[in-house]
Amino acid sequence: MSWIVGKSLVELNVNGEKRTVAVCPSDLLLDVLRNQLGLTGAKPGCKNGDCGACTVLMDGWPVKSCLVLAVEAQGHDVLTVEGLGGKSPVQAAFVGHGAFQCGYCVPGFVLVCHAMLAHHPQAGEETMEEWLQANLCRCTSYGEIRSAVRALTEVKETT
């Protein structure tokens with residue numbers, strides 16, 4: 001970590017790419033991703049960890065980037081929805097099942113579901129409900145989101 005004009009240079013591994021950013025010790029990962037790296041998939045919703053619109057994956061686990069300092073992300077792999085490249089089975093399932101209305105919460109839900117399926121490929125109803133509790137949809141697309149996730153777990157179970 002180097003210092004420049006009251007900020008420190010931090011190297012972040014975001015979407016498989018090393019990126020150097022100048023941050024204050026109090027800068028949130030959410031703000032750095034959006035404002036310095038141009039990755040706007042993580043959304044500022046509540047900014048207190050309740051809604052999950054800002055969810056990213058850190059070392060494969062969902063975190064709310066509004067609760068993570070950018071300096072804390074150094075040395076970890078951060079994956080944003082942009083890092084999925086539009087080719088994720090979860091993204092396809094969300095589109096196929098109409099699992100969105102306004103779309104604001106969708107990136108967070110997609111990443112939570114991506115992580116859930118990585119850690120629990122045959123997730124049952126209880127596991128799915130537990131993981132989905134981490135995010136809120138204000139437009140009430142929960143039925144469609146559950147259908148998309150169920151379709152993915154059914155595919156995983158038969159392969």
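## Cysteines and disulfides

Cysteine 24 has a relative accessibility of 24%, so cysteine 24 counts as partly exposed. This is a predicted model. The cysteine sulfur closest to that of cysteine 24 belongs to cysteine 66, and the two sulfurs are 18 Å apart, which is too far for a bond.

Cysteine 139 is also described here. Its relative accessibility is 24%, so cysteine 139 counts as partly exposed. The closest cysteine sulfur to that of cysteine 139 is in cysteine 102, at 3.7 Å. A disulfide is a covalent bond between the sulfur atoms of two cysteines. The cut-off used for such a pair is 2.5 Å, so the 3.7 Å between cysteine 139 and cysteine 102 is too far for a bond. By this rule the count of disulfides comes to 0.

## Helices H2 and H3

Two packed helices are described by the angle between their axes and the distance between the axes. Helix H2 covers residues 89-96, and its axis lies 9 Å from that of H3, at an angle of about 125°. H2 is therefore oblique to H3. The crossing of H2 and H3 is right-handed.

On the H2 side, the contact involves Val90, Gln91 and Phe94. These meet Val106, Phe109, Val110, Cys113, His114 and Leu117 of H3. Sorted by class, the contact of H2 with H3 has 7 nonpolar residues, 2 polar residues and no charged ones.

## Helices H3 and H4

Helix H3 spans residues 106-119 and helix H4 spans residues 125-132. Their axes come within 10 Å and cross at roughly 140°. H3 and H4 are therefore oblique to each other, and their crossing is right-handed.

H3 contributes Phe109, Val112, Cys113, Ala115, Met116 and His119 to this contact, while H4 contributes Thr127, Met128, Trp131 and Leu132. The contact of H3 with H4 is made up of 8 nonpolar and 2 polar residues, with no charged residues. Phe109 and Cys113 of H3 take part in the contact with H4, and Phe109 and Cys113 also meet residues of H2.

## Leucine 79

Leucine 79 is part of strand S6, which runs over residues 77-79. Which residues does leucine 79 touch, not counting residues up to four places away in sequence? They are Asn15, Val56, Leu57, Leu84, Leu111 and His114. One of these, His114, is a residue of H3 in the contact with H2.

Leucine 79 and asparagine 13 are 66 residues apart in sequence. In space, the distance between leucine 79 and asparagine 13 is 8.5 Å, C-alpha to C-alpha.

Key:
Residues numbered from 1 in each chain as written. Predicted model: local features only at pLDDT ≥ 70, side-chain atom pairs only at ≥ 80, totals over all residues. Heavy atoms only, no water. Axes fitted to C-alpha atoms, helices over the stretch in contact; angles between N-to-C directions. Helix = DSSP H or I, 4+ residues; strand = E, 2+ residues; numbered from the N terminus. Parallel < 35°, antiparallel > 145°, perpendicular 65-115°, else oblique. Left-handed = near helix turned anticlockwise from the far one by under 90°. Contact = heavy atoms within 4.5 Å. Nonpolar A, V, L, I, M, F, W, Y, C, P; charged D, E, K, R; others polar. Buried < 20%, exposed > 50% of the residue type's maximum accessible area, 1.4 Å probe, protein only.
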